[in-house]
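Here is a short tour of one protein chain, written to be read with the model open beside you.

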Amino acid sequence: MNSTPSPKPEPADPSQLDAAELLGRDELEALQLTRLRHTLAWAYERVPMYRRKFDESGIHPSDLRELADLAKFPYTTKEDLRREYPFGMFAVPRSEVVRIHASSGTTGRPTVVGYTGNDIAMWASLVARSMRASGVRPGMIVHNAYGYGLFTGGLGAHYGAEALGTTVVPMSGGQTEKQVQLIQDFEPDAIMCTPTYLLTIMDAMARRGIDPRTTSLKFAVCGAEPWTEEMRRELETGMDLDACDIYGLSEVMGPGVAGECVETKDGNHIWEDHFIPEIVDPLDHATVLPGGQQGELVFTSLTKEALPIIRYRTGDLSSLLPGTARPSMRRMTRISGRSDDMIILRGVNLFPSQIEEIALRIPALSPHFQLELTRTGHLDEMTIHIEPRENTTPEDRVAAASTLKQQVKSYIGSTCTVDIAAPGSLARSNGKLRRVYDNRPAEPPVRN
């Protein structure tokens, strides 16, 4: 059990890194070019949708002369995958697909992804690489609280943890009291889950009279939802561990497309021997933005067999920076939000992560909040329901509500109402947390 502050995390031993992590930038780009040529040809020859889109754009895989030529190829969107439901995107016979995952499909047909045996092995190796970058080492016990099933998080983390050489506790999501009990009994070194669910576990420990700082946990590998530096501090301070991000999405692979290094904690290094990232203008999508500028993140796979993905528009908003702990691999900044999660309130664009960032700077406020959108007459309104910290006075809560309202107006430019909810009254996460409740009436159809 942790009784003293954790020591500063050590970087990974270079002898334990994958060979690709040690490549120079020129070597990496040469590898990317070779793999990209193969992937474009593979997709064109085997996936009718890609053949059709390439032909309609007047582009052929043989037109790729250098990496910059990738920008000439058309994008792939979530709607493309939905139109090809269920197996139209597969580049191999269905009999060669050893596993299928799918999105929830809550807004339409689910997006379906498939994996060959080689794809599964590659995926596991990249999750293992991400975990090792985040401080997890062979021989440790890993408590996996990502949900198992069609969601890629649970099985992706599980196979990666096994590939790294750890002992896996396949807890899945939910049953929070049992999560707490097993962490106490099994004494795992690391936990994998969404950041908001780790917050839920931390709160459950406190309710049982357990100091979360005294558990065996030393590392948390958190992903599947945007989170802020303020949330990282909340988790690290509250649990006395090192918390790092892991990035991925099912259409591109699953978790492990990129991982954060524990010694720097400065954003996810993208595993560019397997994926090429681009940042494009989120409004016109015609312009590839230079490094450092924020826009929509786009990915092209380089080694996937069953479902190669070409210039997939993720909807995630980020920017690309040079590598640090892995110098040849570029970093992506924290996801500030998703283009489809953006709230437009009286002409102002905002994301839930911005509210989280502001709220956690106010000492009397907790990380537990919900955004409720309503409409009075023709005006949209937003109410922030947020719980206070324990042991705060009524005066503290009134002052905190006023401060939050002022800072949202000052930093985001939006007027809101702040409701200080009763402690413990807002929903807790069992996986991905729903932050926004849009109760505005649907717009009437436009009649010609």
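## Helices on the sheet

In this predicted model, helix α7 (residues 195–207) lies across β5 and β6, and its direction runs at about 125 degrees to β5.

Both strands belong to an open sheet of 9 strands with mixed pairing, in the order β4-β3-β5-β6-β7-β8-β9-β14-β13. At its edges are β4 (167–169) and β13 (320–321), each of which pairs on one side only. Helix α5 (residues 152–164) also packs on this sheet, where it touches β3 (141–144), β4, β5 (190–193) and β8 (254–260). The direction of α5 makes about 60 degrees with that of β8.

## A parallel pair

Strands β6 (residues 219–223) and β7 (residues 242–249) run parallel and are joined by 5 bridges. If you look along β7, you will find I246 standing opposite G223.

## The nonpolar core

The largest nonpolar core holds 74 residues, and Y50, V136 and Y247 are those with the most contacts inside it. Helix α4 (residues 117–133) supplies the largest share of this core, with 8 residues.

## An exposed glycine

Finally, turn to the loop between β10 (275–280) and β11 (295–301), where G291 is found. G291 has a relative accessible area of 65%, so it counts as exposed, the cut-off being over 50%. Its C-alpha atom is separated by 14 Å from that of S328, which is 37 residues apart from G291 along the chain.

Methods:
Residues numbered from 1 in each chain as written. Predicted model: local features only at pLDDT ≥ 70, side-chain atom pairs only at ≥ 80, totals over all residues. Heavy atoms only, no water. Helix = DSSP H or I, 4+ residues; strand = E, 2+ residues; numbered from the N terminus. Buried < 20%, exposed > 50% of the residue type's maximum accessible area, 1.4 Å probe, protein only. Core = buried A, V, L, I, M, F, W, Y, C linked by side-chain atoms within 4.5 Å. Pairing = 2+ DSSP bridges. Contact = heavy atoms within 4.5 Å. Axes fitted to C-alpha atoms, helices over the stretch in contact; angles between N-to-C directions.
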